[in-house]
Amino acid sequence: MAGVMTKNTKEDTSAIQILEEAFHLLKTIPVETYIPYYFGTMPFLVGLLYFWNDMSKNAFAHEYCLTASLGLALLFIWMKTWQSVFSIKLYEAVSRHKIHSRSFAGVLKMVLTQTVIHSSSIIVLPAALIITIPFAWTFAVYQMALVHDFSMGTDIQTPVKTNFQAARHFTLLNHFVIFILFIFGLFVFLNIGITIYLMPFLAKSLFGLDSLVTMGGFNIFNSTFILSVICLTHLCVDPLVKAVFVLQKFYYQSGKTGEDLIAGLSTIKALSKKAAVLLVLATCLFLPEQGLAAESSKPVLKKKAMTIDAKNLEKSISHVMGQREYTWRMPREEIQKKNDKNGFIYAVLKWSVSWIKKIYKSIESWAEGFFKWIEKIFPKDSKPEKPKESKSFIKPTHLAAGLIVLTAILFVIIILHIRKFKQKKVLETKDGPKAIPDISNENTLADELSSDKWDQLASDLLEKGELRLALRALFLGTLAFLSDEKLITIARYKSNSEYKLELHRRAHTKQNLLHDFIETVKTIDRVWYGMHGVNRQLFDEFAGIQKRIISFAK
């Protein structure tokens, strides 16, 4: 590939350099090359999310956990097989020769190889991560195994041994590459998570659409939400990981077999064909010009030179330069004199801008020093460098600026959450445990008081003759008691029907409890949301049902 420099076959390849080449490789390959990767990876990630959510919330998950795990394992094999196809296409783009057999036997061999190798990764990689030191080359072995070369024999041991030697060859480099990729993936994770979290609030502010997030019933630390963000981050970062280790394997093989020279000769051959075509076209275009030149050599009458008056020219130039669009080019002496009269505010703003520039320059110099230190650890080749064919778009200044912006956003979010928590705590301390909520307010939740407090409030309202409010206080006390028993979860967005379904899911064996709770829901819906009146007899019946619910729930 033209964009990948083949001089990096030695040990002195730096982490930044190989990451830049991996980015360039992903930019230059055709779009259809990404189809096998996402065609294989997305079904597995969707299956993983469904498996996680179902196993954590379904009451009958234990009955089909084994079958679901088997299906997830098959999706894992499907993913690794298509990722192998993607990695092989990347390797073919770099080396410029085919290593993929499209026969049925070749595809079957690739599927079996990936199944045997990657089935152990679920155990080996976590163990290597705990030990820490061998994680870099262990992770590299599994990534390089995706590039299955059909010319290396029929056994599995040979490619694994070759990948192991290549991983050990770049051990120190892999530690830096994995560290940089981890930091990069962390910021991608934060970007995606913050974006998804803020989108409902943006939709509410623009279109007035309420959702679970805007109503306060969503927990950002929900395991399903975090896993979803991790899956999206994986889809963004993992192709870069594949490209990095494909390049490493190519550089290692080049040091053994000279594949980089073959790829370079292929590039020269392709360029020579294009040069020959351009030469023929240039010759065809040049010959008619010779004829025209011969004809144009005939004597022709000279035209009289056009003369311009100097005074008129100077007057025209002065008129044009006096227009508004050219005033910024004029001398600034008078403008600076006017700015000196702007006063104290202008001086403060000017000092602030200069101070910010100094901070930015110091951060920029620190970042450049840090990257120079990394380049010293991995020194470049002492030979004179060839002119680069592609411009590097990873610069220390850009990286430093991005880190500063993302850190500032994260700091602001943390400060806002801490303030919100402190304000809530202050309000709770001011109101005290004896604060009585407004029972007539629809936003009053059952967890604002304990079940005993709700019963006491219902008795007080009954003495005042407020039967309708007393009935609702009893119902909220029932919900508070069921929440204490872990049979339901109180939330602002839930309706009475949702509490009924939740109780049916968690207490499906307690039929008497379910029957009485359904009756209380019917009564409270008719009284609170309908036009049904309340008398003392109805209140006493409702209180009796509440006592039975408490006895059944214990």
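Me: Are Lys-242 and Asp-238 buried or exposed?
Reply: This is a predicted model, and the two side chains meet in a salt bridge with an N to O distance of 2.7 Å. Lys-242 and Asp-238 both lie in helix α9 (residues 223-257), 4 residues apart, about one turn of the helix. As for their cover, both Lys-242 and Asp-238 are buried.

Me: Which residues are linked with Arg-506 in a network of salt bridges?
Reply: Arg-506 forms a salt bridge with Glu-502, with the closest N and O atoms 3.2 Å apart. Both lie in helix α17, 4 residues apart. Arg-506 counts as partly exposed because its relative accessibility is 40%, whereas Glu-502, at 4%, counts as buried. The network that holds Arg-506 also links Lys-494 and Glu-502.

Me: Which helices does the salt bridge between Asp-516 and Arg-548 link?
Reply: The side chains of Asp-516 and Arg-548 meet at 3.3 Å, N to O. The pair links distant parts of the chain, 32 residues apart. Asp-516 is buried, with a relative accessible area of 6%, while Arg-548 counts as partly exposed at 39%. Asp-516 belongs to α18 (residues 511-529) and Arg-548 to α19 (residues 536-553), so the helices are α18 and α19.

Me: Which residues of α7 are exposed on the other side from its buried ones?
Reply: The buried residues of α7 are Pro-159, Thr-162, Asn-163, Ala-166 and Ala-167. They cover an arc of only 135° around the axis, so they sit on the same side of α7. The exposed residues on the other side are Gln-157, Lys-161 and Arg-168.

Me: How far apart are the end C-alpha atoms of helix α7?
Reply: Helix α7 (residues 157-169) has 13 residues. At 1.5 Å a residue, the helix should span 18 Å. The distance between its end C-alpha atoms agrees with this, at 18 Å.

Me: Why does Phe-411 count as exposed?
Reply: Phe-411 lies in helix α14 (residues 396-431). Together with Leu-410, Val-412, Ile-414, Ile-415, Leu-416 and Ile-418, Phe-411 makes a nonpolar surface patch of about 600 Å². Exposed means over 50% relative accessible area. Phe-411 counts as exposed because its relative accessibility is 54%.

Me: What is the phi of Lys-486?
Reply: Lys-486 is found in the loop between α16 (467-484) and α17 (496-506). Lys-486 counts as exposed, at 65% relative accessibility. Although Lys-486 is not a glycine, its phi is positive, at about 60°.

Conventions:
Residues numbered from 1 in each chain as written. Predicted model: local features only at pLDDT ≥ 70, side-chain atom pairs only at ≥ 80, totals over all residues. Heavy atoms only, no water. Helix = DSSP H or I, 4+ residues; strand = E, 2+ residues; numbered from the N terminus. Buried < 20%, exposed > 50% of the residue type's maximum accessible area, 1.4 Å probe, protein only. Patch = residues over 30% accessible without salt bridge, like charges linked within 9 Å, V, L, I, M, F, W, Y side chains within 5 Å. Areas by Shrake-Rupley, 256 points an atom, 1.4 Å probe, with all protein chains shown as cover. Salt bridge = Lys/Arg side-chain N within 4 Å of Asp/Glu carboxyl O. Expected span 1.5 Å × (residues − 1). Arc of directions from axis to C-beta.
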